[in-house]
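User: I'd like to go through this model and ask what the labels rest on. Can you set each value against its definition?

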Amino acid sequence: MRRLTSVFAALLLLSAGVLSGCYDNHSEPSIEPFVSKANANIALLYQLAADGCYNITSDIVCVGRVTSSDRDGNFYRSMFVEDETGAVEVKLGTYNIAAQYPVGVEVALRLKGTAVMFKDNILQIGLPPQSYDVALREFEAQEVVDRHILRGNSVERLAPLSLPINSLGTSLCGRFVQVENIYYKPTAEDKKRGFYRFENDEEYRVFAEISPYSNFSTLEMPASMVSIQGILYHKTVGDGQGRQFVIKPRFADDISTIATNL
């Protein structure tokens, strides 16, 4: 009860202006100027989902920018949206998302009637679960997507949160991040599993996840020092290595070589 009281108190403050600032193959999303500003941020959604699945019954609106892309097939049926306080995965359940919501486009998430919960440390938005299930449902239908997502006209190039590899943490899961100064450490199972191990000189590790169905599934990993950017996960990578930090790139050039002075 104390948590709910503090959350709703925060909502009242946000509504007073303390803070400012899912599509089918044949439909166009709503594109219009926002008629109202955000009255909440993603950090508040973290609070709401802290104790499990939370059904949103009030008029919460968050505004952020799209950070993921399904254009090259490494993301599927969902998109990530981020504001200055955090990130959330929206369970769209649709295809060709990048054509409708490209990277960097501003979107308003109108959340009344949806639910939020954490899965593997990533905050998700979807429809409330069925009575016989615990997983959030995808939006799927165009009319449901239009009800909950309003696309703006503003598109900006996004800068990832640049971090040293040893600063990765589960609280950052879902964020658009970048890790530099790492090297590919191949194993025989890399392509079979879809996870590619990278380490720095101190042997801290992070994995890049590349789906065998992506357009860059045959990408050859550079032998030199690289930078990787993408969405951060913490998940099981197989081959007895347990749960590890994983960066999921959107495009082939999200893994790039770093020039070194000889």
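User: What makes the residues around the largest pocket "lining" residues, and which lie nearest its centre?

Analyst: The largest pocket is lined by 20 residues, with Glu 89, Lys 91, Lys 119, Gln 124 and Tyr 233 nearest its centre. On a 1 Å grid over the protein atoms alone, a pocket is an open set of points where a 1.4 Å probe fits, with protein on both sides within 12 Å along at least five of seven lines, and lining residues have an atom within 4 Å of a point. The model is predicted: local features need pLDDT of at least 70 and side-chain atom pairs 80 or more, while totals for chains, interfaces and linings use all residues. Residues are numbered from 1 along each chain as its sequence is written, and side-chain values use heavy atoms, with hydrogens and water left out.

User: What is the volume of that pocket, and which strands supply its lining?

Analyst: Its volume is about 450 Å³, meaning the space filled by probe spheres set on grid points joined across faces, edges and corners. β6 (115-119), β7 (122-126) and β13 (226-236) each give at least two lining residues, and β13 has the largest share with three. Strands here are DSSP runs of E, at least two residues long, and helices are runs of H or I, at least four, both numbered from the N terminus.

User: How many lining residues fall in each class?

Analyst: Eight are nonpolar, four polar and eight charged. Nonpolar covers Ala, Val, Leu, Ile, Met, Phe, Trp, Tyr, Cys and Pro; charged covers Asp, Glu, Lys and Arg; the others, Gly among them, are polar.

User: Why is Gln 178 called buried?

Analyst: Because its relative accessibility is 17%, and buried means under 20% relative accessible area (exposed is over 50%, partly exposed in between; 1.4 Å probe, protein chains only). Gln 178 sits in strand β10 (residues 176-184).

User: Why is β7 described as largely enclosed?

Analyst: Five of its five residues are buried, so the rest of the structure largely encloses the strand. Ile 122, Gln 124 and Gly 126 are on one side, Leu 123 and Ile 125 on the other, and all are buried.

User: What makes β7 a partner of β4 and of β6?

Analyst: Two strands pair if DSSP finds at least two bridges between them. β4 and β7 have two, in the parallel sense, while β6 and β7 have five, in the antiparallel sense. So β7 meets the cut-off with both. Glu 89 is bridged to Gln 124 in β7, and Val 116 to Ile 125. In the β6-β7 hairpin, with two residues between the strands, Asp 120 takes a positive phi near 50°.

User: Why are β1 and β8 called edge strands?

Analyst: The open sheet has eight strands in the order β1-β6-β7-β4-β3-β2-β5-β8, with mixed pairing. β1 (54-55) and β8 (149-155) each pair on one side only.

User: What makes the largest nonpolar core a core, and how many residues are in it?

Analyst: A nonpolar core is a set of buried Ala, Val, Leu, Ile, Met, Phe, Trp, Tyr and Cys residues joined through side-chain atoms within 4.5 Å. This one has 30, and Leu 45, Met 79 and Phe 139 are among those touching the most other members. The largest share, four residues, comes from α2.
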